[in-house]
Amino acid sequence: MLALVPGVACAESYKDGNGGRQVVTSGESVTVENPTYSEYHVSGKGGVFYVESGAELNLTGAVDFSENYQDEEVAEGVFYKFLNDVYLENGAKLNISAEIAGDANMHIDTESGAYWWIDGGVLEGVSMTSNTFSGCVADSFVSIENLDDTATPSLTLEDVSLINSQILIDPTVSVSASNLTLDASSYFNSFGGYVLLGGSNSMELEGLESYQLDGVTLGEGAALSFTLSAESLEALADSTVTVNFYGLSLEGEATFTAMSDEAASLQIVSYTTTDEGVSVTLSTIVPEPTTATLSFLALAALVARRRRC
C-alpha cells in the first residue's frame, strides 16, 4: 500500500499516544516530500512519525524537523521529554534521499534502543531499520547513542559512504561495519571498538594482532595508527611482529604508526598489500613515551562547501 502525504505542519500539537503526525501501519509505504514539521509532542513514541513493523516511511526533498518530542519514563512516575522525530519498531524501515535543511537535524529512536541524531547534511539512498544502516552521508555529523541502560543495541553498517562526515557511536552499542568507504575528511568512531579515518587522519585499533575490517577503503595519503597488546610486545623482544588488517584496501600510499602504553616504542619496518588486506611488520625502538599520544585535533574541521553523494 503506497500513500503520499503532505509534508508541512507548524502548529503546536500534543497527542496522548504514538506518532504526533502519523502512525505508519504495518503493510503501508508512505512517502513524504519536503517534510517540515515542528512542535509535535507525544506521550508515547514518535514525535512526528511512528513506523510499525512491516511498514516503510520514505522522506525526500528537504527535511526540516524542529522541536518535536516524545516522553520517556526514566523512573517511576518521572518522565523526561526528549527530541524525537521518527520512531522505528523492529522490522520497520526508513528510507531517506534528502537534504537536512539549513541548521536542522533529525532525531530517530528505535525499538532496539539505538537513538540517532543526524545533524545537517545530505543523505542519498539511505535505508535504515532498527538495527541496520546503509547509504551515502555527506557534510553531516551523525551520533548514535543508547538511551536505555537496560538494552544493548546491535547495529550493522553495510555499504556506507562518508563524504566530509563523521559517525560517532556510543560504546554500549555493539556495531559491525562492512564496505565502509571514507573520504579524506571523514571518520567513523565506535569508541570501544575502533576508529576509522580517511585521508591524512588516522585509524586507531587496540589489543589484537589481526583485525577484520570487512571491506573498509581508505583514500590516498591515509595514516593508520594502532596499539599493540602486552603479548605482542613480549614477542617483539626477540623478533619482528606482523599485524594483519584483513578486508582493508588502500587507494594510494599510506603511513602506519604503532603505539603502546608500555615502555617500548615501536617502528614500522614495512607494509604490504595482499588480496586479503594489508600486512604491517614492526619492531621495537628506543623508548619515547611521549610519541604514544595521538591527537585528534584535526578531526574537528569540516569543509564548509556542501558536496553531494
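**A first look around**

Analyst: Happy to. In the protein chain, 60% of the contacts between residues at least 6 apart in sequence join residues at least 24 apart. Please keep in mind that this is a predicted model.

User: Ok, how many helices and strands does the protein chain have?

Analyst: The protein chain has 1 helix and 28 strands.

User: And what share of the residues counts as buried?

Analyst: That comes to 50% of the 309 residues in the protein chain. As for the surface, the chain exposes about 13,900 Å², with carbon and sulfur atoms supplying 49% of that area.

User: Let's go inside. How many residues are in the largest nonpolar core?

Analyst: The largest nonpolar core has 43 residues. Leu-57, Val-86, Leu-94, Met-106, Ile-108 and Trp-116 have the most contacts inside it.

User: Which strand gives the most to this core?

Analyst: Strand 13, covering residues 93-110, gives the most, with 7 residues. There is also a second, separate core of 14 residues, and Val-243, Ala-254, Ala-258 and Leu-266 are among them.

User: Back to Trp-116 for a moment. What does Trp-116 touch?

Analyst: Leaving out residues up to four places away in sequence, Trp-116 touches a list of residues including Met-106, Ile-108, Phe-133, Val-142, Ile-144, Leu-155 and Leu-157. His-107, Thr-110 and Ser-143 are also among the residues that Trp-116 touches.

User: Nice. Changing topic: how many aromatic pairs does the structure hold?

Analyst: It holds 7 aromatic pairs. One of them is Tyr-37 with Phe-65, a stacked pair with 6.0 Å from centre to centre and 15° between the planes. This pair links distant parts of the chain, since Tyr-37 is in strand 6 (residues 36-38) and Phe-65 is in strand 9 (residues 56-66), 28 residues apart.

User: Are those two buried or exposed?

Analyst: Tyr-37 counts as buried because its relative accessibility is 1%, and Phe-65 is buried too, with a relative accessible area of 3%.

User: What about Phe-82 and Tyr-115, how is that pair arranged?

Analyst: Their ring centres are 5.5 Å apart and their planes are at 75°, so the pair is edge-to-face. Phe-82 lies in strand 11 (residues 78-83) and Tyr-115 in strand 14 (residues 114-128), so the pair ties together parts that are 33 residues apart in sequence. Phe-82 is buried at a relative accessible area of 7%, and Tyr-115 counts as buried at 6% relative accessibility.

User: Which residues do ring pairs link into a cluster?

Analyst: Tyr-37, Tyr-40, Phe-49 and Phe-65 are linked into a cluster by ring pairs.

User: And what lies over the face of Tyr-69?

Analyst: Lys-81 does, at 4.2 Å from the ring centre.

User: One last stop: where is Ser-43?

Analyst: Ser-43 sits in the loop between strand 7 (40-42) and strand 8 (49-51). Ser-43 is partly exposed, with a relative accessible area of 25%.

User: Which residues does Ser-43 touch?

Analyst: Not counting residues up to four places away in sequence, Ser-43 touches Tyr-14, Lys-15, Asp-16, Gly-17 and Asp-71. With Asp-16, the side chain of Ser-43 makes a polar contact, side chain to side chain, at 2.6 Å.

User: How far is Ser-43 from Asn-18 in space?

Analyst: Their C-alpha atoms are 7.0 Å apart, while in sequence Ser-43 and Asn-18 are 25 residues apart.

How values were computed
Residues are numbered from 1 along each chain as its sequence is written. This is a predicted model: local features need pLDDT of at least 70, side-chain atom pairs count only at pLDDT 80 or more; totals for chains, interfaces and linings use all residues. Side-chain values use heavy atoms; hydrogens and water are left out. Rings of Phe, Tyr and Trp (its six-membered ring) pair if their centres lie within 6.5 Å; planes under 30 degrees apart count as stacked, over 60 as edge-to-face and the rest as tilted. Helices (H or I, at least four residues) and strands (E, at least two) are DSSP runs, numbered from the N terminus. Buried means under 20% relative accessible area, exposed over 50%, partly exposed in between (1.4 Å probe, protein chains only). A charge sits over a ring if NZ of Lys or CZ of Arg is within 6 Å of the ring centre and within 35 degrees of the ring normal. Contact means heavy atoms within 4.5 Å. Accessible areas come from the Shrake-Rupley method with a 1.4 Å probe; for residues, only the protein chains shown count as cover. A nonpolar core is a set of buried Ala, Val, Leu, Ile, Met, Phe, Trp, Tyr and Cys residues joined through side-chain atoms within 4.5 Å. A polar contact is a pair of N or O atoms within 3.5 Å; within protein, one must be able to donate a hydrogen and the other to accept it, and residues adjacent in sequence count only if both atoms are side-chain atoms.
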